[in-house]
Amino acid sequence: MLEPQPHSRHNPSELLARLREVRGTTAMAGVQKAVEQLAGQVQNDHFLLSELKQIQASQTLERAHYYVDRLIKGLTVVRTPEVSDLNLNRWKEYNEIQTDSLWIIPRRDGTGVHKADYWGNFVPQIPQQMIQRYTRAGEWVLDPFCGSGTTPIEAQRLGRNTLGVELRSDMVEHARRLIESELNPHVVSQVIVQGDSSRVDLAQELKSAGASSVQLAILHPPYFDIIQFSENPNDLSRATDVTNFLQRLRAVVSNVSRVLDRGRYLVLVIGDKYADGEWIPLGFQSMQEICNLGFSLKSIVVKNFEDTAGKRHQKELWRYRALAGGFYVFKHEYVFLFRKSTRKRNAR
Ligand SMILES: C[S@@+](CC[C@H](N)C(=O)[O-])C[C@H]1O[C@@H](n2cnc3c(N)ncnc32)[C@H](O)[C@@H]1O
């Protein structure tokens, strides 16, 4: 997915030679003719076709040469952001990478072992987006609320390693089974351990796995008590009240922060809650806790909330309740994006 498309029937060096010839052409008509021929030979390569079209549509020879130079650069020079492998010189090819703060994801990715069988698992597109934008191949991702293993499954596909922590031992086994039944084309490690993420010695777990730190953390905690995941008193869904939930979340983030490299990203996926006729802004309250720990807020993404199987059947009932009760039915959750400070004194 990260690789730009191959140049269809083109041999890359032949394509470059032809483009350099175009660059040496001194008449606009000659440029247009050569580019037209090239475009006729390029199939199913959206990036290349659109670049060639732009050259053809140039009003002046100077402009056409500028676009040819840009295309040659796109094909020969790799320029990446600080924390990913995306080639900025070919940015137009990454159509599937989100850059807007509103995500409408109509359908969850159900390919391979991904299933919606764990009540409360997130759509695989969330870790997929985050891993592509905020890690490089071979780096480590930490998911301290690993659940059914959506993050490590995505990481394995994308060639990243994961340390996953999950309180429920049945889910640890489940996630391990799913990961094992997926191909591991990049030969990376997906390590899932059982434990309470506020206390697990993450540095030790990483050391046992051959790593010393992580480059991205993806946190998808319980949304307080909306779904009760277990009877375990350490389960965040067993928090006694919102204040206690926030304290526990803070303890997990502090523990995670110890092994997250400076300047790297932490993602929090969470929704709000409704109780006693009041909207509880759990998302923003959690966001504030993380900011208070010294992380800087980079983005707030609002993502559409799929109807759960239960709610789908009760859609009309919810609509009636909303009209009668003067509230709005939840249709969104948040993906908060934070960056750990590059300075030592702020890192807690
Ligand atoms: C919202 S789910 C995460 C689902 C996951 N993203 C997936 O796609 O399957 C939250 C998970 O956190 C786990 N959990 C709750 N408290 C925890 C704690 N203190 N330490 C580790 N895991 C915890 C729950 O058992 C549950 O599986």
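Tutor: Happy to! Let's begin with a term: a nonpolar core is a set of buried Ala, Val, Leu, Ile, Met, Phe, Trp, Tyr and Cys residues joined through C-beta atoms within 7 Å. Keep in mind that this is a predicted model.

With that in hand, look for the largest nonpolar core, which has 53 residues. Those with the most contacts inside it are Leu142, Val214, Leu216, Ala217, Val256, Leu266 and Val267. Strand E6, residues 260–270, gives the most to this core, with 7 residues.

Now zoom in on one member, valine 214. Setting aside residues up to four places away in sequence, valine 214 touches Trp140, Val141, Leu142, Leu163, Val259 and Leu260. There is also a second, separate core of 14 residues, and among its members are Leu19, Val22, Val35 and Ala64.

Let's step back to the whole chain. The chain is divided into domain 1 (12–93) and domain 2 (102–340). Taken over C-alpha atoms, the centres of these two domains are 41 Å apart. The secondary structure comes to 12 helices and 10 strands, and the C-alpha trace spans about 75 × 55 × 45 Å along its principal axes. Of the 348 residues in the chain, 32% are buried. If you take the contacts with a separation of 6 or more, 68% are between residues 24 or more positions apart.

You can find phenylalanine 330 in the loop between helix H12 (315–325) and strand E10 (332–339). Is phenylalanine 330 buried or partly exposed? Being buried takes 20 or more other C-beta atoms within 10 Å, and being exposed means 12 or fewer. Phenylalanine 330 has 17 other C-beta atoms within 10 Å, so this residue is partly exposed. Leaving aside neighbours within four places in sequence, phenylalanine 330 is in contact with Gly271, Asp272 and Phe305. Tyrosine 118 is 212 residues from phenylalanine 330 along the chain, and their C-alpha atoms are separated by 20 Å.

One last stop is the ligand. It is surrounded by 25 residues, and the closest are Asn121, Phe145, Gly147, Ser148 and Thr150. This shell divides into 11 nonpolar, 10 polar and 4 charged residues.

Key: Residues numbered from 1 in each chain as written. Predicted model: local features only at pLDDT ≥ 70, side-chain atom pairs only at ≥ 80, totals over all residues. Helix = DSSP H or I, 4+ residues; strand = E, 2+ residues; numbered from the N terminus. Contact = placed C-beta atoms within 7 Å. Domains from an automatic or database assignment. Near = placed C-beta within 6 Å. Nonpolar A, V, L, I, M, F, W, Y, C, P; charged D, E, K, R; others polar.
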